Amino acid sequence: MKTYTRMKSWGKLFSLLIAFCCLSTLSHAQSGKGAVKGKIVTSDSLDAELVTVGLKGTNKGATTNSNGEFFIENVTEGAYTLVVQIVGYETIEQPVEVKANETSTLGNIQLKEDAKTLHEVTVEGRRNQLADKESEQVARLPIKNIENPQVYSVVTQKQMEEQVVTNIGDALKNTPGTLVISYPSGGIGVLTRGFKVGINARNGMETVTGRAGTDFVTAERIEVIKGPSGTLFGSSVSSFGGVVNMVSKRPYETVGGNVSYSIGSFGLNRFTTDINLPVNKEKTVLFRFNGALNQENSFRDYGYNNTFTIAPSILLKVNNRLTLFADVEVYNVDQTRITYSRFPTATGFKSMNDVPLPYDKSLYVDDANALTRTTKYFLEGKYKFNENWTSTTNVSFVNEKVKQSYQYYNNWLDASRIARTVLLYGPITNSYTNVQQNFNGDVKTGFMRHRLLVGGNYRYSISDGGYTVPYNLYRTPSVITQNIDTINVYGTYRALTKMQIDTAYSKRGSYGPFGITKQKIYSAYVSDVINFTPKLSAMLSLRYDHFEQTRVATGATIEYQQDALSPKLGLVYQIIKDQLSVFGNYMNGFQNSGPVNQPDGTIFVPKPIYGNQKEVGVKFDVFKHRLTTTISYYDITINNATRVDANVTYQDGKQVSKGFEAELIANPISGLNILAGYVYNENKYIRSGIATEGKMSVDAPQHVANGWISYTFQNTILKNFGLGAGVNYADKSFYDAANTFIIPSYTVYNASVFYDHAKFRVALKVNNLSDERYWDLWGTTQTPRQFIANATYKF
């Protein structure tokens, strides 16, 4: 057993980082201006969240937090009128006197609305219901989108509701440049900025979707964070393309929820429920339950997807300082995997359109299925030391079990013959444990404001693929690579059954093990958003990772360690405060890379592979949030990728992914919502193996566009009725590294009609209105025209 690199001391480095960010606290200068703080409560004396508060005749204002509190700073001395506003309800005004270098504290201001009414108003009554971009998880700091130097998109519950979304892939198509990939292993991912990204984050913590996918029923929103994000999220959650983060629904203080049922083409039946209630009279213990039962057949002649999700959560308000939150999810899958095809040059095919196999044809009967269960536990403890400092402790445990997974592969031999292969995986167990501690601060040094993040994360994972045993149904521990048979697509053939597959492989004896892989990652990170003026700010961030891996397979043990430093820099200037900003960033991501055996018998130990992004852009949030826009140009460069030449591995490969990205979210008049995105991307191998050098990257179309427009009738006989229509376009992409075989471009149209009442909602959706035949980036045929009807009861 040999260790290839040694862990360097990072305790000193972490201490220096903390000292760097906290040095400012040693001196505090008065600004000569005052501040106003207070608390808003409902008519039933509960904390009022998301209420707009401002000083009349100025641009000073704030929004109440989850405790109903607000704080308005940098106010010139004088007499003001405090205005409390809720869209559609009576405005409250209260006089307040502000003195220099003092904070004027107001008593509780009571609204005329109760908590239930306020919850309905704040959720449903925002002016632009598709533009809710405020997040504390993107930067792990409470900063607004307009002052964040990173680009990100958000899929809101309102979007998913309007579009009658029944799977997470359809939800993610609402973000610019995002294309969904279905993996033969049963998982799901996306492509963004030319790189594949897993759905690997939940509330900023690691989750897993590689062998089972996931259901969106637990998500309040989905955040797609663009560009290398290793500094704040690490290598296990992010890729060079970014991060996909699912934000969980949380319990609130009133009884509420909904039950919903969808029925559609191809045997779709989906039932979901969302139930929320306070457990005690004081409403300090809150409970929420989300569940989904999804059953659907394939449009192909064989195939199905049945899933079941239960997700309870509980929130405990221990006192005014400490809040505890627990979130649990169990996700069961019984499905047939998608078929992956391989096309050698001998076929002569240049495009998926050339493949002489019917679009809806499956060569495998669906009794050879996959059974998986994923269990996820997330715990959060948030403690507020004072107005300036907060501690957040997160613990997560994710367990993924694959009982069996029959995976289908069509290996084309020439233009008419297919060697059918079925790989049988299982049982496989993967588990991931994370412990994370974050401290957030908001302090001043002289004229500068610092919003600080200091944190650390410990990650432990173990993947057990099983060991060598004689063949039987549930203990095949490794990939079976032999072909089952060969067919001629122009001749007579039948779909393979599970019995035929099992019989073929039972005659071939035992197979080798996957082995066991264990990983440990120790991380420390720090971030400081420095406001030099109210309009000019800089983000300075740094992460240190120490990675350890031990792999045991076929009697051999291999260990290696790596250290990585990941910086992140950003600069924002708000031309118009809180409305228009220009920004630039330098962002870094990294991927650990294991040892390689060279032909001469030596072992090559590469360094972590780094991807560095440079980006500039502009953000708009104008007309009282009725128009939100982001436009940017980015360049992501990998300078030390591994490549192979004459069987020798080198680490000098270069890949560049660059492009232009634009997103528009608009609410020009009441009831009308517009969502649009466009991305141009060029992802090319500059220095690589002989076959790929100078070629475009696979799975990376150059032009991608999305759009959705909806209108809900206002104050007419058609009030609450609505119409929606959308489009998704993807340019052609290359299926092979030699750039000789393409996935054709496509344009898919969708439409919906709905009636949305305070107590119920009914909708009809048509997906793929023009019945377009198209393929995803991995060559999987996609669903033709589909009708979906939905009914939801709200309480």
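**Lys624 in the loop between β34 and β35.** In this predicted model, Lys624 is found in the loop that runs between β34 (609–622) and β35 (627–645). The backbone of Lys624 has a phi near 55°, which is a positive value in a residue other than glycine. Most residues other than glycine have a negative phi. Lys624 counts as exposed because its relative accessibility is 64%, where the exposed class requires a value over 50%.

**Asp699 in the loop between β37 and β38.** The loop that separates β37 (672–687) from β38 (703–712) contains Asp699, and the phi of Asp699, near 60°, is likewise positive in a residue other than glycine. Is Asp699 buried or exposed? With a relative accessibility of 6%, Asp699 counts as buried, since that class is defined by a value under 20%.

**The cis peptide bond between Gly426 and Pro427.** Gly426 and Pro427 are joined by a cis peptide bond, for which omega is about -5°, although most peptide bonds are trans. Pro427 lies in the loop between β24 (417–425) and β25 (428–445).

**The whole chain as the setting for the close-up views.** The chain contains six helices and 44 strands, and of its 795 residues, 53% are buried. Among the contacts with a separation of 6 or more, 67% are made by residues 24 or more positions apart. The accessible surface of the chain comes to about 33300 Å², and carbon and sulfur atoms account for 57% of that surface.

Notes: Residues are numbered from 1 along each chain as its sequence is written. This is a predicted model: local features need pLDDT of at least 70, side-chain atom pairs count only at pLDDT 80 or more; totals for chains, interfaces and linings use all residues. Side-chain values use heavy atoms; hydrogens and water are left out. Helices (H or I, at least four residues) and strands (E, at least two) are DSSP runs, numbered from the N terminus. Buried means under 20% relative accessible area, exposed over 50%, partly exposed in between (1.4 Å probe, protein chains only). Contact means heavy atoms within 4.5 Å. Accessible areas come from the Shrake-Rupley method with a 1.4 Å probe; for residues, only the protein chains shown count as cover.
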